[in-house]
Amino acid sequence: IMKKLFFILFSAISFAQTPEIYGLWVNGEGEFVEINYDNTFKRFRVIPKTKFEQVLAKGIVEQVGEELHVIRKDTIDGYNLCYYMGNETLVICKPRSNQAWLWQKLR
């Protein structure tokens, strides 16, 4: 029973998100990403004049070690991304690329 308890506690700790990651972020390309407390995310762009949200990606994101583990729900895809979180900024490596997004926290 101790092994099961240790595994449950370790799992809960290893998948706990840093609270600062939650919220609404914007990048210089006019994209937004909203990361919710239930670990769902939505990356989108707002179409000017219409205020319509064009969803670019959505799914589940978890901090695992020093990476973000992404499971997309809008397509069949999943990947790990490197990231760095500052006070009000978040740098996330783009999937399958040598480029990164620079996000600034809105709320």
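The largest pocket is lined by 15 residues, and those nearest its centre are Val33, Phe41, Val70, Leu81 and Trp101. A pocket here is an open set of points on a 1 Å grid over the protein atoms alone, where a 1.4 Å probe fits, with protein on both sides within 12 Å along at least five of seven lines; lining residues have an atom within 4 Å of a point. The model is predicted: local features need pLDDT of at least 70 and side-chain atom pairs pLDDT 80 or more, while totals for chains, interfaces and linings use all residues. Residues are numbered from 1 along each chain, and side-chain values use heavy atoms, without hydrogens and water.

**Largest pocket**
- Its space comes to about 200 Å³, taken as the volume filled by probe spheres set on the points.
- E5 gives the largest share of the lining, three residues.
- By class, the lining has 13 nonpolar, no polar and two charged residues.

**Aromatic pairs**
- There are three aromatic pairs, counted where ring centres of Phe, Tyr or Trp (its six-membered ring) lie within 6.5 Å; planes under 30 degrees apart are stacked, over 60 edge-to-face and the rest tilted.
- One of them is the tilted pair of Tyr22 and Tyr37, at 4.3 Å centre to centre and 35° between the planes.
- Tyr22 is buried at 10% relative accessible area, whereas Tyr37 is exposed at 67% (buried is under 20%, exposed over 50%, partly exposed in between, with a 1.4 Å probe and protein chains only).
- Phe32 and Phe44 are stacked, with centres 5.4 Å apart and planes at 15°.
- Both Phe32 and Phe44 are buried.

Note on methods. Helices (H or I, at least four residues) and strands (E, at least two) are DSSP runs, numbered from the N terminus. Ala, Val, Leu, Ile, Met, Phe, Trp, Tyr, Cys and Pro count as nonpolar, Asp, Glu, Lys and Arg as charged, and the others, Gly among them, as polar.
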